[in-house]
Amino acid sequence: MLLLNASGCLDALTAPHVAATLDAFVTKTVTPEPREGNAPPRIVETDAGMLNAIGLANPGRDAFVSRVLPRLRALDMPLCVSVGGFSASDYAETCACLEDVTIELNLSCPNVDDAPESAAEIVAACREVTANPLYAKLSPHSWDVGETVRAVEAAGADGISLVNTLRGLALGDGLRPALARGTGGYSGPALKPVALAAVHAARRATELPIVGMGGVWTGRDALELVACGATHVALGTVLFADPDAPVRVRDELTVEVARCGYETVDDVRGAALASVVQLEN
Ligand SMILES: Cc1cc2nc3c(=O)[nH]c(=O)nc-3n(C[C@H](O)[C@H](O)[C@H](O)COP(=O)(O)O)c2cc1C
């Protein structure tokens, strides 16, 4: 099991010491053109999680490839570049510019339809232009995660990442939206049950590697994702609160694996699958 950061939740260039505690670094989503992102406030805390509407702020594909990527390569750790866009060709053109990295397709961008056909269409377009490992990052909004997973696998995905944030709304003073943009992506501990169900559904649909994420705060949370079928685990919102989370989660994981009667974390993979199937039946 590798421990990664979730896209958008760590800047390895400003916090290389945190990145160094992970097994691989996942970039913020890169779009074809530079994006300023949304007006502030674009992050608010809620009673049980965080709401963000960053708006995919990033320097754009050309600046990323020429200026950011060489600096990330100097960190000398495995890299995964998150790619976003507003059409299949947007995604494919960026993939064509990337060499020697894993690619995570953020299939949950605003204005990109998340229906199985569209996600599969984007994966197929990218598959045509790159031999790099391609992960499809899916939204928890999909009504049938298994169907989406089968569609993107058939289109050529090498792995699945899930979940992205859930759409949410927080009200502030005057009962007006607390985020300037109105709605945002809801993340943090409340997302864990959603992530467990999505990873479980994905594992029942595929043998591909799955990067599980959503509300992981402790080693126990990471282990639960693995028990539902995750191959690897990513830390998101927790990194804003606790930059030492990768070290802590790994330590807790070791204790929890032994407490549950297993030798290694990989022995736990899928341990919850059979019992959940029985419950569903
Ligand atoms: C501030 C912030 C920015 C994010 N930016 C991105 C992004 O650029 N691309 C992406 O695929 N996911 C992005 N995400 C979603 C995370 O990668 C992750 O899927 C989600 O937050 C669930 O995990 P968590 O509950 O552990 O945070 C972002 C999340 C947050 C909180």
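I'll start with helix 6, where Ala195, Leu196, Ala198, Val199, His200, Ala201, Ala202, Arg203 and Ala205 are buried. Bear in mind throughout that this is a predicted model.

The helix itself covers residues 192-205, which makes 14 residues. From the first C-alpha to the last, helix 6 reaches 20 Å, close to the 20 Å expected at 1.5 Å a residue.

Next, its packing. Two packed helices are described by the angle between their axes and the distance between the axes. For helix 6 and helix 7, residues 219-227, the angle is about 25° and the axes are 8 Å apart. Angles under 35 degrees count as roughly parallel, so helix 6 and helix 7 fall in that class.

Which residues make the contact between these two helices? On the helix 6 side they are Lys192, Ala195, Leu196 and Val199, and on the helix 7 side Asp221, Glu224 and Leu225. Sorted by class, this contact has 4 nonpolar and 3 charged residues, with no polar ones.

Last, one pair in detail. Strand 3 pairs with strand 4, residues 49-52, in the antiparallel sense over 4 bridges. Within that pairing, Glu45 has Met50 in strand 4 as its bridge partner.

Conventions: Residues numbered from 1 in each chain as written. Predicted model: local features only at pLDDT ≥ 70, side-chain atom pairs only at ≥ 80, totals over all residues. Pairing = 2+ DSSP bridges. Expected span 1.5 Å × (residues − 1). Buried ≥ 20, exposed ≤ 12 C-beta atoms within 10 Å, placed from the backbone. Axes fitted to C-alpha atoms, helices over the stretch in contact; angles between N-to-C directions. Parallel < 35°, antiparallel > 145°, perpendicular 65-115°, else oblique. Contact = placed C-beta atoms within 7 Å. Nonpolar A, V, L, I, M, F, W, Y, C, P; charged D, E, K, R; others polar.
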